[in-house]
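Hi there,

Here is the structure I promised to pass on. Have a look at it first, and my notes follow below.

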Amino acid sequence: MLDLEAIDQLRKVLQKLKFKVLTIFLIVVFGIVISSVKPAQTQEPVTLNLLMTAPDAEPWKNGIVKDFEVKNPGIRIKIIEGPNATDLLENMYTSAFILGDSPYDLINMDVIWTPKFAAAGWLLDLTDKITKDELAAFSQKDVEGRRYKGKLYAVPMRSDVGMLYYRKDLLKEAGFNPPESFDDLIKISEALKDKSKDRWGYVWQGKQYEGLAAMFVEVLEGFGGYWVNPETLEVGLDKPETLQAIEFLKNTIETEISPDGVTTYQEEETRRIFQNGNSVFLRNWPYVWPLATQESSPIDGKIAIKPMVHNKNGSSGACLGGWALGISKSTKHPEEAWKAIQYFTSEEAQRKFILEAGFVPSRRSLFTDPQIVAKYPHYPELLKVVDKAVLRPPIAQYAQASDILQRYLSAALTNRITPEAAMKNAASETRQLLGR
Ligand code: GLC
């Protein structure tokens with residue numbers, strides 16, 4: 001009897017023990033499962049830093065960055081707003097690279113930076129990441145501007161070309177056709193400028209900065225001149241065509257077609273003057289169109305654009321600008337950065353970006369995309385301008401070459417030196433730079 005009781009008690013103890021062991025086992029298993037799941041759930045998303053000019057940042061933040069983050073919850077894009085001038089932005093990127101371990105993962109690059117950044121070894125080679133067929137969807141010139149020694153270092157995000165804007169209402173009223181030559185531009189400006197109405201003839205970018213070089217290659221092309229031949233490295237700055245181009249610009253100031261202050265203007269100053277109705281003509285990039293044609297703009301419905309004027313020896317020069325995305329060699333997140341590039345340069349993202357900001361697409365299909373054409377009817381024509389656009393010299397020493405031109409050209413435009421002396425010096429310094 002006693003034995004039976006003991007056995008029964010022992011059974012109960014064992015049962016309790018079994019229950020306890022099972023409970024402990026379950027707790028341990030649960031703990032293991034939780035601990036292996038938890039880090040993945042709470043893992044910090046990867047942040048990609050991207051520096052750009054402040055006006056560019058707005059359309060990025062308004063749409064495509066949010067869309068990308070929704071599609072890629074593990075990746076965050078941090079937009080850092082820099083100064084509104086490509087040279088200053090380039091300096092920021094350059095000093096970051098030189099100091100080592102650049103804080104920027106994605107590089108939003110002006111077309112003119114590619115040779116320098118690639119030659120310095122600051123960018124990842126993207127050649128094998130994208131097929132020939134995928135690249136064929138982009139404008140050839142935009143892609144070429146992102147190659148260095150046969151390798152691809154960035155994917156075009158948007159293109160850019162300089163254009164001539166004009167007040168079609170004023171020209172029509174006075175019986176003028178849109179200008180074709182430099183002489184036409186001067187003649188119409190003379191006739192339509194009006195001091196009493198605070199109206200100038202022509203505004204352009206004359207400040208000593210990169211925009212001056214971009215504007216100048218168009219005038220140079222219009223007179224049949226050239227800056228640096230990228231194949232032979234010949235320098236054309238002391239040729240007669242260059243001096244004619246400078247004469248034309250100086251003349252606009254001397255005849256009061258352009259305000260004196262034009263030699264201190266960047267894109268935005270000239271846009272504001274034109275948009276306020278204070279100039280008949282404007283040289284600028286296509287971003288001006290959506291701003292100048294918004295309902296609140298005093299010149300909405302009154303403007304048109306055309307390729308830049310030229311004389312009989314030259315052709316319409318449209319400077320090729322534009323921005324592309326590359327990846328910093330020092331990034332810790334190359335895979336995520338490439339994912340971001342794929343999305344931001346996709347048709348879907350570009351369409352959205354362009355509808356928002358009026359930039360020029362780098363994907364050819366978008367120039368005739370129904371939604372885009374509905375908003376910007378001139379885009380099919382713009383594709384022809386992009387195809388014929390003039391590149392600033394795609395050389396690794398571009399930043400220095402541009403600096404030389406900017407300094408001497410600015411000195412000539414502000415009468416600190418004669419155009420002849422200015423260009424003689426500029427040509428010789430450039431030849432020295434290029435080792436010729
Ligand atoms: C625009 C162009 C760029 C150019 C700059 C000059 O941003 O896209 O290529 O260098 O203007 O101001």
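**Around the ligand**

The shell around the ligand is made up of four nonpolar, four polar and five charged residues (Ala, Val, Leu, Ile, Met, Phe, Trp, Tyr, Cys and Pro count as nonpolar, Asp, Glu, Lys and Arg as charged, and the others, Gly among them, as polar). Please keep in mind that this is a predicted model, where local features need pLDDT of at least 70, side-chain atom pairs count only at pLDDT 80 or more, and totals for chains, interfaces and linings use all residues. Residues are numbered from 1 along each chain as its sequence is written, and side-chain values use heavy atoms, with hydrogens and water left out.

In total, 13 residues surround the ligand (a heavy atom within 4 Å of it), and D110, D160, E267, G322 and R392 are the closest. Strand β11 (320-327) and helix α9 (210-222) each give at least two shell residues; β11 has the largest share, with three. Helices (H or I, at least four residues) and strands (E, at least two) are DSSP runs, numbered from the N terminus.

Now the polar contacts (N or O pairs within 3.5 Å). Oxygen atoms of the ligand lie 2.6 Å from a polar side-chain atom of D160, 2.8 Å from a side-chain N or O atom of R392 and 3.2 Å from one of W285. The protein covers 92% of the 300 Å² of accessible area that the ligand has on its own (Shrake-Rupley method, 1.4 Å probe).

Best wishes

Technical notes
Polar contact = N/O pair within 3.5 Å; in protein donor to acceptor, adjacent residues only side chain to side chain.
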